[in-house]
Amino acid sequence: MADIDVDAILKGKYPAKAHAKRVAEYIRSKASTPEAAAAAENGIIYVEGRADALLEDSDEPVPFRQRRAFFYLTGVDAADCALVYDIAAETSTLFIPPVDPESVVWSGLPLSPDEALARYDVDAVLPTTELNPQLARLGSERSKVVSASASGSAPGATVFAIADRVGDAVTFLEFGAKDFALLGEAVDECRVVKDDYEVALIRRANIVSGAAHRAVLERVRAAANEFELEGVFIGECIRRGAKKQAYPSIVAGGRAAATLHYVHNDRDLAGKDLLLLDAGAEWQNYAADITRTFPISGKFSTKSRAIYDIVLRMQTETIAALREGVAWDDVHLLAHKVAIDGLLGLGILKGGSRDEILAARTSAAFLPHGLGHYLGLDTHDTGGHPNYADPDPLFRYLRVRRNLPAGSVITVEPGIYFCEFIVRPYLKDPKHARFIDEEVLNGYWDVGGVRIEDNLLITKDGSVNLTDAVKDPDELEKIISGAT
């Protein structure tokens with residue numbers, strides 16, 4: 001488990017300028033000519049935060065979710081702000097709304113420039129009324145430098161922004177070039193490798209989420225409906241200071257657990273075997289993503305325990321394979337191999353070797369999704385380069401298709417599911433039907449689905465598990481039964 005001093009790390013500021021420098025380096029690396037390099041070197045990065053808005057037909061605000069690129073470069077979670085990063089000077093200027101007296105009556109005083117400068121990793125804070133004058137000054141000054149250095153052959157300094165994320169009132173007239181494509185790509189790629197501060201935020205989200213998962217275990221036997229347990233989870237997160245969820249919780253009892261993104265969370269639990277809880281809190285915009293599956297009664301049935309043990313073995317072996325440079329395709333393939341071995345052992349699969357069944361892709365009937373995804377500011381974080389057009393059903397839904405760098409955080413979430421909508425077409429296809437024993441399979445539909453998901457930090461020699469929610473099956477039974 002993670003040995004990270006979260007409190008000590010999070011006493012500092014969010015490392016926004018380090019992120020901006022990393023993004024600027026990426027932008028520089030893409031310059032294909034000396035003129036383009038000069039234009040980039042003397043250019044700026046411009047990003048806007050999300051604006052406040054009201055719901056239609058209401059004076060209530062739309063729930064606020066900061067733009068991730070803006071947060072990555074500022075650490076600011078307030079509305080109607082903007083950032084200018086001067087690439088050559090390596091300085092950040094944050095623009096915040098000026099005081100609106102009418103708004104103060106309802107909402108109190110906003111963050112002041114001095115408070116913002118003390119709180120955030122920026123060099124200067126100005127009101128948004130100064131944004132266009134500052135852009136004009138920078139554009140003029142930097143473009144003159146570019147023209148002088150390139151003997152007039154370059155158009156001027158470049159402003160890097162994100163398409164459709166620039167306000168109508170913002171002008172870049174003094175800049176010789178405008179690039180609305182590269183910045184988004186640069187931020188997405190740079191977000192893959194986390195620094196210590198980001199890892200600490202993800203770990204904090206995991207600590208809160210792990211406690212909330214434990215609270216659900218302690219309440220599940222007394223619950224009558226899925227929504228009661230969703231309430232327990234969210235309430236425990238809020239009690240611990242995490243007011244936002246990283247994604248809508250999945251609280252699925254019985255056969256509903258075979259629906260991968262089940263979100264109804266409103267079915268009665270009576271007579272059902274397992275509960276699958278996929279839920280994670282958000283801490284300062286960084287996500288936890290944790291899944292646990294456990295017996296509602298406090299005791300696994302023979303069949304559900306058999307499937308649980310296979311999935312746990314899938315996760316244990318794939319986590320053991322993690323390290324810097326490992327191909328995620330290979331780790332995903334390992335999960336299928338372990339699943340096939342386990343299902344052959346139970347008699348659900350039959351009539352062929354592991355390699356034959358793998359070659360036929362029959363195991364995709366029981367594990368139709370990818371093994372995991374990057375995690376960070378988004379639950380399904382950026383930079384994975386998925387290929388959803390891949391004709392191979394084993395890899396089509398894999399969200400990461402690259403070698404894992406040290407510093408990346410990835411979920412490992414193997415599962416086995418008994419979804420009739422997915423499995424029955426395999427039973428009608430001779431290519432697959434010869435490998436599935438339908439009579440044995442019929443005894444497992446009520447298991448629904450089992451998934452176990454942890455969040456792993458990739459290191460040079462292995463990985464660090466940021467998730468400490470209980471998953472040992474015997475320990476799960478003890479907690480649910482009140483024996484611990």
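**Reading a cavity, a pocket and a helix**

Biologist: Which element supplies the largest share of the lining of the largest cavity?

Modeller: In this predicted model, strand 1 supplies the largest share of that lining, with 3 residues. Strand 1 (44-48) and helix 4 (68-74) each contribute at least two residues. The lining consists of Tyr46, Val47, Glu48, Arg67, Ala69, Phe70, Ile162 and Arg165. About 50 Å³ of space lies within this cavity, and the whole structure holds 2 cavities of 30 Å³ or more.

Biologist: How many residues line the largest pocket, and which lie nearest its centre?

Modeller: The largest pocket has 25 lining residues, and Asp52, Ala79, Asp80, Ser103 and Pro110 lie nearest its centre. Its space amounts to about 760 Å³. Helix 5 (residues 101-107) gives the most to the lining, namely 3 residues.

Biologist: Why do the buried residues of helix 10 line one face of the helix?

Modeller: The general idea comes first. An α-helix has 3.6 residues a turn, so residues three or four places apart point the same way. In helix 10, the buried residues are Glu226, Leu229, Val232, Phe233, Glu236 and Cys237. Viewed down the axis of helix 10, they fall within an arc of 125° and therefore line one face.

Biologist: Against which elements do these buried residues pack?

Modeller: They pack against helix 9 (196-219) and against strands 7 (244-245), 8 (250-253), 9 (274-279) and 10 (281-283).

Biologist: What is found at the start of helix 10, and what follows helix 10?

Modeller: At the start, a side-chain oxygen of Asn225 comes to within 3.0 Å of the backbone nitrogen of Phe227. Gly241, with a positive phi near 100°, follows the helix.

Conventions:
Residues numbered from 1 in each chain as written. Predicted model: local features only at pLDDT ≥ 70, side-chain atom pairs only at ≥ 80, totals over all residues. Heavy atoms only, no water. Buried < 20%, exposed > 50% of the residue type's maximum accessible area, 1.4 Å probe, protein only. Helix = DSSP H or I, 4+ residues; strand = E, 2+ residues; numbered from the N terminus. Arc of directions from axis to C-beta. Contact = heavy atoms within 4.5 Å. Polar contact = N/O pair within 3.5 Å; in protein donor to acceptor, adjacent residues only side chain to side chain. 1 Å grid on protein atoms, 1.4 Å probe; cavity = no way out; pocket = protein on both sides within 12 Å on 5 of 7 lines; lining within 4 Å. Points joined across faces, edges and corners; volume = space filled by probe spheres on them.
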